[in-house]
Amino acid sequence: MGTPISVQLTDPLPARRLEELAEQTFDWFREVDQRFSTYKEDSEVNRFDRGELALADGSADLRLVVEACADLWRDTDGYFDAYATGRFDPSGFVKGWSVQVASDRLLAAGCRSHWINAGGDIRAHGGPRPGEPWRIGVRHPWQPDKVCWVLGSTDFAIATSGTYERGFHVIDPYRGEPATGLTSVTVVGKDLGRADAYATAGVAMGRSGLRWLAELPGYEVGIVTSDELSYRSDGFPVLPGEPAGPAPLPGRSDLADQPVPRIG
């Protein structure tokens with residue numbers, strides 16, 4: 001689907017077993033690409049979009065994705081809309097969901113320390129070394145060699161939707177035009193599929209979505225606006241001693257403007 005994917009396995013399993021698990025993980029992503037890529041004419045998602053494949057005749061994964069997109073449309077007040085571009089394109093959910101599935105499979109196979117990154121959507125368990133959390137930088141929107149925040153945990157999913165690489169590409173489904181109010185939305189939680197969709201919906205909402213994002217149950221957020229202000233919820237997992245961006249919000253429903261940190 002045009003997205004680079006990196007996998008790092010740090011569990012103390014035999015090297016041969018780690019190689020097998022890595023190959024199985026990439027086999028899964030190849031399967032997802034074949035089924036859900038909007039760039040492949042014969043992909044299952046494109047045949048469904050053209051009406052050549054009935055949902056009842058599709059794969060279990062296709063049915064799951066269609067149902068999840070319908071649920072997310074409802075949960076985001078219509079701002080996560082797989083039909084926002086005029087055709088069925090679930091990419092804003094599929095990328096995070098596929099990484100979540102890959103991570104769950106690694107856990108089930110006994111690999112408890114791993115990190116998967118698909119174009120900035122990350123699922124991480126364990127750490128690079130025993131007793132150390134994963135450290136993940138959130139890119140600064142206007143300084144690509146800098147970060148706004150360094151996040152750390154031994155079990156989290158991180159999804160970022162932004163405009164700094166592909167421009168204003170997220171459509172506001174109510175206006176039918178690209179959303180321009182937010183430059184970067186990072187959502188952190190346990191489920192990467194939902195985090196990915198929430199980040200996309202947040203960008204689509206623009207500044208009107210700040211409060212909605214801040215009050216997401218079970219998820220934490222870091223936000224940068226197009227007018228160079230930034231926000232983060234009080235539980236955003238910034239590592240001590242690392243770039244922390246603005247001060248934490250006093251409460252999840254109390255938003256306070258802060259300038260984007262100019263680092264370095």
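Glu-228 sits in the loop between strand E10 (220-225) and strand E11 (230-232). Strands (E, at least two residues) and helices (H or I, at least four) are DSSP runs, numbered from the N terminus. Phi of Glu-228 is near 70°, a positive value in a residue other than glycine. Glu-228 is partly exposed, with a relative accessible area of 38%. Buried stands for under 20% relative accessible area, exposed for over 50%, and partly exposed for the range in between (1.4 Å probe, protein chains only). The model is predicted: local features need pLDDT of at least 70, side-chain atom pairs count only at pLDDT 80 or more, and totals for chains, interfaces and linings use all residues. Residues are numbered from 1 along each chain as its sequence is written, and side-chain values use heavy atoms, with hydrogens and water left out.

A positive phi, about 55°, also occurs at Asp-77, which is not a glycine. Asp-77 lies in the loop between helix H3 (60-75) and H4.

The axes of H4 and H5 come within 7 Å and cross at roughly 155°. H4 is therefore roughly antiparallel to H5. Axes are lines fitted to C-alpha atoms, for helices over the stretch in contact, and angles run from 0 to 180 degrees between N-to-C directions. Angles over 145 degrees count as roughly antiparallel, under 35 as roughly parallel, 65 to 115 as roughly perpendicular and the rest as oblique. From H4, Ser-91, Gly-92, Phe-93, Lys-95, Gly-96, Trp-97, Val-99 and Gln-100 meet Leu-192, Gly-193, Arg-194, Asp-196, Ala-197 and Thr-200 of H5. Contact requires heavy atoms within 4.5 Å. The residues of this contact divide into 5 nonpolar, 6 polar and 3 charged. Ala, Val, Leu, Ile, Met, Phe, Trp, Tyr, Cys and Pro count as nonpolar, Asp, Glu, Lys and Arg as charged, and the others, Gly among them, as polar.

Each helix also holds a buried residue. Ser-98 belongs to H4 (residues 91-108) and is buried at a relative accessible area of 4%. Beyond four places in sequence, Ser-98 touches Trp-28, Phe-29 and Val-32. Ala-195 belongs to H5 (residues 192-205) and is buried at 0% relative accessibility. With residues up to four places away in sequence not counted, Ala-195 touches Ala-159, Val-187 and Tyr-219. The C-alpha atoms of Ala-195 and Glu-220 are 9.4 Å apart, across 25 residues of chain.

Cys-69 is buried, with a relative accessible area of 4%. Cys-148 is buried at 1%. The count of disulfides (pairs of cysteine sulfur atoms within 2.5 Å) comes to 0.
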